[in-house]
2 protein chains.
Amino acid sequence: MLTLHYNPLTVAPVVAIVMEELELDYTPVLVDFRAAQQTSPAYLALNPKGRVPTLETPHGVITETGAILDWLAAVHGPHLVPDDPFQAARMRETMYYLASTLHVNYAHALRGARWADLETSWADMSAKAPHTMAASLAYLEGHLDFAPFAIGTGLTLADPWLFVLTGFATRLNIDLAQFPNLSAHQVLMNDRYAVRAARNKGMLA
Amino acid sequence: MLTLHYNPLTVAPVVAIVMEELELDYTPVLVDFRAAQQTSPAYLALNPKGRVPTLETPHGVITETGAILDWLAAVHGPHLVPDDPFQAARMRETMYYLASTLHVNYAHALRGARWADLETSWADMSAKAPHTMAASLAYLEGHLDFAPFAIGTGLTLADPWLFVLTGFATRLNIDLAQFPNLSAHQVLMNDRYAVRAARNKGMLA
C-alpha cells in the first residue's frame, strides 16, 4: 500500500499525478499547513524535514519529489523514463533544474525566512522572485522539446513536475502567454485524465 | 569522448570523482570564474545557464550534477546505483536533498544576488547561511547509513556529492567535528584513489 502525504498548494501534486498516470491504488493524507501539521511530532517522525511530499511504501518512507518519481517508475512504470540513456539524462536534467533552480526561485517569493531574518530582506526577495522565476521559465521555454511533451513524444516523469511548477507562475502574476510552448504544455496536461483525477480528489489546486 | 567543464571550487568535482571511480577517459576544461568565463558566449552556447558542471558526451551536452551522475552510471557504471529500488530511491533522495536544500543553503553565503538586490539582504543571507547549512548537515548526519557509505556498504553516486558539499562547510567556519559520521565519511572519501586522482589533476580544491 502507498500513502501520499501532500498539500495541494505545494509540489506534492506531482506525485499524485504520476500515481494516477500509473493507475496505482494509494491513500492521500492532507498535511494542513494552516494548522502547521508539517511540523507536528507525528509528521516529523515520518519526514524530519517537515516538507511534502512524503510517500510511505511497503519498503519504507521516501521523500524528495525526484526520488519518489524515479522509484515509482522503477517499480510500477518504467515507460515513464525514456529507454535511451541520453534522453533519460535530459529528463533528469529537467527534473534537477525544476527542483534546485526554478522551485528555489519561486520559493523566495513566500519563504524568505528560510534564508534570511530581516523583513526588508524578505520583501527584497519577494520583489525579485517574479523575475528569477520568469527567467527560469524562459530557459525551459527555449530548451525543452514540447513535441508535445517535455522530452520527446511520450509523457515522462518531467511533465507532471513541469506542469505543476509552471502553474505556480500565475501566483506571482507572471503572464504565461509570453511562453507559448509552456502554455500549450499546460493545456495538454490539464486535459489528461490523471490530472483531472488528481484535481477531482482535491489533491491539486 | 567525454569533456567536463568544471571549476574546482564548485560542485563540479563530484563529476570528476565519479569519472575517476569509473576509470573513464575524459578531457577536463577549466571554466575560470575570475575571468567570468561561465558567461562567455562560447560557454553559454554550451550551457545557457552559465553554470558548471557541463558534460559533453558523444550524444550531446548534459548539465545538472544529478543528471550527469545518473547518466554516467547508466552507461558506464551501473554498480554505482543500488540494485534494490528502495535503496536506489534513498540514494536519489540524498542527491535531491543535496542539490535543492543543502547546496541552496550554502549558496546564500556568497550568491545572494541571485535572489535579492539589496546589499543589506546579501549580508543578512550570508549571516544566516552557516546556520541553515549546519542544519542540513545535522539532518544528513542523523539520516544516512554511514556503513561506511551514505547508502549501505558500497559507494554510490551520493557519496562523492556528499563528500564535496560537506567539504564546503569549512568555508563557512562550520566545525565538522560536531558531525562524527560526516567527518568519518570525509576521511574515507579523501583516501580514495579517485578523489586523489581528481585532486592531483587540479580538479578539486
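Biologist: In E2(B), which residue does Tyr6(B) stand opposite, and how should I read such a pairing?

Modeller: Strands of a sheet pair through backbone hydrogen bonds, either parallel or antiparallel. In this predicted model, Tyr6(B) stands opposite Leu30(B) in E2(B), and that pair belongs to the contact between E1(B), residues 2-6, and E2(B), residues 26-30, which run parallel and are joined by five bridges.

Biologist: What lies with E1(B) and E2(B) in the β-α-β unit, and which hand does the unit have?

Modeller: Helix H1 of chain B, residues 13-21, goes with the two strands, and E1(B), H1(B) and E2(B) together make a right-handed β-α-β unit.

Biologist: How many bridges join E1(B) to E3(B), and do the strands run parallel or antiparallel?

Modeller: Three bridges join E1(B) to E3(B), residues 54-57, and these two strands run antiparallel. Within that pairing, Thr3(B) stands opposite Glu56(B), while His5(B) has Thr54(B) as its bridge partner.

Biologist: Where does Glu56(B) find a residue opposite in E4(B), and how many residues lie between the strands of the hairpin?

Modeller: Glu56(B) stands opposite Val61(B) in E4(B). The strands E3(B) and E4(B), the latter covering residues 60-63, are joined by four bridges and run antiparallel, and they form a hairpin with two residues between them.

Biologist: Which residues of E1(B) point one way, and which the other way?

Modeller: Leu2(B), Leu4(B) and Tyr6(B) point one way from the strand, whereas Thr3(B) and His5(B) point the other way, and all are buried. Because five of the five residues of E1(B) are buried, the strand is largely enclosed by the rest of the structure.

Biologist: Turning to chain A, what is the order of the strands in the open sheet, and which are the edge strands?

Modeller: The open sheet of chain A has four strands in the order E2-E1-E3-E4, with mixed pairing. Its edge strands are E2(A), residues 26-30, and E4(A), residues 60-63, each of which pairs on one side only, and the twist averages 20° from one strand to the next. Between E1(A), residues 2-6, and E2(A) there are five bridges, and the two strands run parallel; in this pairing Leu2(A) stands opposite Tyr26(A).

Biologist: Which strands does H1(A) lie across, and which does H3(A) touch?

Modeller: H1(A) lies across E1, E2 and E3 of chain A, and it runs at about 150° to E1(A). H3(A) packs on the sheet and touches E1, E3 and E4 of chain A, with a direction that makes about 125° with that of E4(A).

Biologist: At what angle do H1(A) and H3(A) pack, and how far apart are their axes?

Modeller: Two packed helices are described by the angle between their axes and the distance between the axes. Here H1(A), residues 13-21, and H3(A), residues 65-76, pack at an angle of about 5°, with their axes 10 Å apart, and because angles under 35 degrees count as roughly parallel, H1(A) is roughly parallel to H3(A). The contact is made by Val14(A), Val15(A), Val18(A) and Met19(A) on the H1(A) side and by Thr65(A), Ile68(A), Leu69(A) and Leu72(A) on the H3(A) side; by class it has seven nonpolar residues, one polar residue and no charged residues.

Biologist: Why does Lys128(A) count as buried, and which residues does Lys128(A) touch?

Modeller: Buried means under 20% relative accessible area, and Lys128(A) therefore counts as buried at 17% relative accessibility. Lys128(A) is placed in helix H5 of chain A, residues 119-143, and, leaving out residues up to four places away in sequence, it touches Ala113(B), Arg114(B), Trp115(B), Ala116(B) and Asp117(B).

Biologist: Is Leu157(B) buried or exposed, and where is its place in chain B?

Modeller: Leu157(B) counts as buried, at 0% relative accessibility, and its place is in the loop between H5 and H6 of chain B. Leu157(B) and Pro82(B) are 75 residues apart in sequence, yet 9.4 Å apart in space, C-alpha to C-alpha. Leaving out residues up to four places away in sequence, the residues that Leu157(B) touches include Val18(B), Leu69(B), Leu80(B) and Met91(B).

Biologist: How many residues of H6(B) are buried?

Modeller: Ten of the eleven residues of H6(B), residues 158-168, are buried, and the helix is mostly covered; among the buried ones are Trp161(B), Phe163(B) and Phe168(B).

Notes
Residues are numbered from 1 along each chain as its sequence is written. Chains are lettered from A and ligands numbered from 1 in the order in which they are written. This is a predicted model: local features need pLDDT of at least 70, side-chain atom pairs count only at pLDDT 80 or more; totals for chains, interfaces and linings use all residues. Side-chain values use heavy atoms; hydrogens and water are left out. Buried means under 20% relative accessible area, exposed over 50%, partly exposed in between (1.4 Å probe, protein chains only). Contact means heavy atoms within 4.5 Å. Axes are lines fitted to C-alpha atoms, for helices over the stretch in contact, and angles run from 0 to 180 degrees between N-to-C directions. Angles under 35 degrees count as roughly parallel, over 145 as roughly antiparallel, 65 to 115 as roughly perpendicular and the rest as oblique. Ala, Val, Leu, Ile, Met, Phe, Trp, Tyr, Cys and Pro count as nonpolar, Asp, Glu, Lys and Arg as charged, and the others, Gly among them, as polar. Two strands pair if DSSP finds at least two bridges between them. A crossover is right-handed if, with the strands pointing away from the viewer, the path from the first strand over the helix to the second runs clockwise.
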